[in-house]
Amino acid sequence: MPEVTTPALELMSVTKSFGSFLAVDDLDLTIPAGSFFALLGPSGCGKTTTLRMVAGLEQPTSGTVCIGGRDVTGDRAHRRPVNTVFQSYALFPHLTIADNVAFGLRRRRQHDVDAKVKEALDLVELGHLGERKPTQLSGGQAQRVALARAIVNRPELLLLDEPLGALDLKLRRQMQLELKRIQTEVGLTFVHVTHDQEEAMTMADTVAVMNKGKIEQMGPPEELYSRPHTAFVANFLGQSNLAPGQVVGREGDLLLVTVGGATVKVPVDRAVATTGSVLVGVRPEKIGLLIEGQEPSPNHNVVGPGIVTDVSFTGVSTQYQVEVEHLGTFGVFSQNLLGGATVTLGTKVRLAWSQEFTFGLDGDQDAAEGAADLDAEP
Amino acid sequence: MSATTGPVVRGTVPTARRRSWHLGDALIPVLAALAFIYLLVPIVYTVAFSFNDAGKSNLVWRGFTWKNWQNPCGAPQVCEAFRNSLSVGVVATLIATVIGTLLALALARFAFRGRPAVNLLVFLPMSTPEVVLGAALLAQFLSLRVQLGFWTVVAAHVMFCISFVVVTVKARVAGLDPALEEAAADLYASPFQAFWRVTFPLLLPGIAAAALLSFSLSFDDFIITNFNSGSFTTFPKFVYVSATRGIPPQANVIGSFMFVAALAIVLVAQLVSHARGKRRAG
Amino acid sequence: MSLLAGLGAGGGGPAPKERARGAGHRWLLAPGLVYLTVFFIVPVGALLATSLYVPVPGGELGQYQPALHWQNYVDALSQFWPQLVRSFVFAAIATLACLAIGYPMAYVIAVRARGRSLLQGLLLVLVIAPFFTSFILRTIAWKQILADEGPVVAALRFVHLLPPDGRLTATAFAVVCGLTYNFLPFMVLPVYASLERLDPRMLEAGADLYASPVTTFRTVTWPLSLPGVVGGTLLVFIPAAGDYVNSSLLGNNTNTAMIGQVIDARFFKVLDYPTASALSVVLMAAILLLVAGYVRRAGTEDLL
């Protein structure tokens, strides 16, 4: 790096407890200026509490919050150079759209309020609705007004608390692109809290996956996806097949691991643990199905045989469930390059994937942690 | 509705269901209409007898006249009592609304030790019969040798109005999204500015409703007033006291006037908000 | 109209989250707490004290001195228990009557008139506006409408529903009617407030799940309106039990007298402050016990 810039946000050993419940546990976090940062995690993981501590709506039990290099831990919300897009939008129902957007500017006695409001509303393409009241807006419009109301103040940090949660899927996709465009256009630092992994990966330069008050892993979305460090990240960010195994040796840059009856090879630089019991992981779309008589390509790991127990056609791909003895169920996504399903229910298949897509995790954890659970809260 | 779109099975069950719908459809509005008539009969009577060409007592119909309406203060004391009621109502409402709104904010916005006790303290005056409240205050005023009059009545009215204000405003505060105040703070509003620019305007309809309620309770109160007023006379007390010798028709004029005025004010407010709602929808 | 929602006496809403910062709430609480202490707690204390006073020996009528004369309660109760019991019986009947009459009114305003905001507004105003015609005036209007020489008595005598010398005023029936009439809006408004919040889709869901209208009412509408019903019954029962305007204007002073009348007379006519205070304390305690038990049974403690 040619020069050291001041990070937009620095959290140092921030802890927040509510009674005996530890919501945020000794968190350290640095967010560089100008980035689009996503804080991703299931509900109750502490991400919203973290956001609220940054905004000044919640006081940390201990630790330091620095914004733009300045310690703001003791400052209350209205003294922090931070603005929030609230989950419920929290538009003031008694004020017009224009007055809502002007609210922050007026509190800080800025000049050219009208021009700035117009500019902000134009940015979110709602310049024509300034005189309306919030009750007269659709969900997507309200969301954009909330964004304009925050952006117009040019904060050092813009916080977004599940801002797209209330929108329907199609609108959400559209707003994801829109948010990304606006962030690039205004160049502000965005901190985006969400439980939607797809949303986080689509928009953010850097994603931090949070679980139980701690950050499990942080990095660019591609890296998090291809090299997860914990079972939680592997399962929460997309889907993973995780099988327990034992490291039995080493072959150059590859670890030899016995899984079920088979031996698979894991690149050493993609393994968190290199000895003892491990979890061997592979993403479902990396796996190919081998029917009787088909042989794997070289440098491929192979497990099985197993029985196809479910086939579902989803348009672009077909999803299979394969039950492998001693190892459990594997999910396999196969692109429908040539049409629909290539294997039928009940077929005996083997599973094969390239060694380079294999990752190894510490075997001392629950392989299902972070996986979708019907009984869990969304 | 299920009766028309519902079961595939044709036969007795759906038919019976449909019939009972119609019965209920007609029966409930009829019952309600009778109840409204019950509610309005004495008011119609009161209004009618405000036009009675009454002699000494206003008990028997003696013919139509405008003269009671032309000279509503014609009977001794009636207008003074009315003025007294209005001033007690206004002063008590102002005080009770301010105190009650502050209490409601504290109860709805803060979690503090002793909150249940404060809730109970607010609830108790509402669940104490007026005769007890009146007697208790009188016992106190007597033992402190306080001169009974305008201010003792105001003090008593404020006391029982506070609880109703708290309940009304608290419901409004509870219905307010707490994120709105946070948004104000997030947008650089100090706590005072956040209250003044966001919370207060949003609470205003609730506060206005509480004030209206206070005023109507105060204006209509008789029992507590009777205990704590000494020789000071309010309108209800005037009517009660003169009931034995016959109520002058001017009292009916004032009662009718208040009814019509209340009706008009609320209806105009309704029409305005209705029109505004229409414009907004359009 | 939040006036009505407020009268719903419920409206407690969820308990606030832990967001108290500093001691701001103390300044909000202080005026109200001081006021209610000075003008409610202390007077009730004074009432308790007075209820134990004894006459000054050799003093004039109405002169008492502090004492702990518990016998006052025994004397007061043994002399006036019929009026006390009658007050509760009358109040209970009036409360039930208010519920029977007021529920259909509230239902029509809240459910049937839904979406027609002008009609809804008009009906609500008709419920509230009587407050502004003094309730004494309205009670006296009833007295004259039901008077012996009035049209109602004449008509009832004509169709032999009333014997030739039968009358309506100065009867227990008239007193209960007066109580019902005067406190009816206090039932209608809270019930309206809770029915108004009722989602009509729930009624459709009830019908969709094979419930007849009657069953839908019994299993969906009624339970959901319960907070309003509980609030309404309290708002009617409490003032009705302590009322004396109706019993003194519409009753006959012997077998319709209610406890409020006795307290008033003891205070102002006989200057017997200890007995009046003792009866007030008993009335207040009895009502609080009833209310507490009722609220607990109704399972709506958050109402408070």
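**Reading a predicted model**

Visitor: Why does E295(A) count as exposed?

Guide: E295(A) has a relative accessibility of 60%. Exposed requires over 50%, so E295(A) counts as exposed. Please note that this is a predicted model.

Visitor: What makes the meeting of E295(A) and R350(A) a salt bridge?

Guide: The side chains of E295(A) and R350(A) meet at 3.5 Å, N to O. The limit for a salt bridge is within 4 Å, so the pair qualifies. E295(A) sits in the loop between β15 (288-291) and β16 (300-313) of chain A, and R350(A) sits in strand β19 (residues 348-354), so the pair ties together parts that are 55 residues apart in sequence.

Visitor: Is R350(A) buried, partly exposed or exposed, and why?

Guide: R350(A) has a relative accessible area of 26%. Buried would need under 20% and exposed over 50%, so R350(A) is partly exposed. Elsewhere, E125(A), E178(A), R181(A) and E185(A) are joined into one network by salt bridges that share partners.

Visitor: Which phi value does H326(A) have, and how do you know whether H326(A) is buried or exposed?

Guide: H326(A), a residue other than glycine, has a positive phi near 70°. It is placed in the loop between β17 (317-324) and β18 (328-335) of chain A. Its relative accessible area is 72%, which is over 50%, so H326(A) is exposed.

Visitor: What makes K265(A) and E251(A) a salt bridge, and which parts of chain A do they tie together?

Guide: Their side chains meet at 3.2 Å, N to O, and the limit is within 4 Å, so K265(A) and E251(A) form a salt bridge. K265(A) lies in strand β13 (residues 262-267) and E251(A) in strand β11 (residues 241-251) of chain A, so the parts tied together are 14 residues apart in sequence. Over all chains, the structure holds 21 salt bridges.

Visitor: Why is α4(A) described as mostly covered?

Guide: Twelve of the 13 residues of α4(A) are buried, and among them are G140(A), V145(A) and I151(A). Buried means under 20% relative accessible area, so these residues all fall below that cut-off. Helix α4 (residues 139-151) of chain A reaches 18 Å from its first C-alpha to its last, close to the 18 Å expected.

Visitor: Which domains does chain A have, and how many residues take part in their contact?

Guide: The domain assignment gives domain 1 (9-226) and domain 2 (231-362) of chain A. Their contact takes 14 residues from domain 1 and ten residues from domain 2. The domain centres, taken over C-alpha atoms, are separated by 38 Å.

Conventions. Residues numbered from 1 in each chain as written. Chains lettered and ligands numbered in written order. Predicted model: local features only at pLDDT ≥ 70, side-chain atom pairs only at ≥ 80, totals over all residues. Heavy atoms only, no water. Helix = DSSP H or I, 4+ residues; strand = E, 2+ residues; numbered from the N terminus. Expected span 1.5 Å × (residues − 1). Buried < 20%, exposed > 50% of the residue type's maximum accessible area, 1.4 Å probe, protein only. Domains from an automatic or database assignment. Contact = heavy atoms within 4.5 Å.
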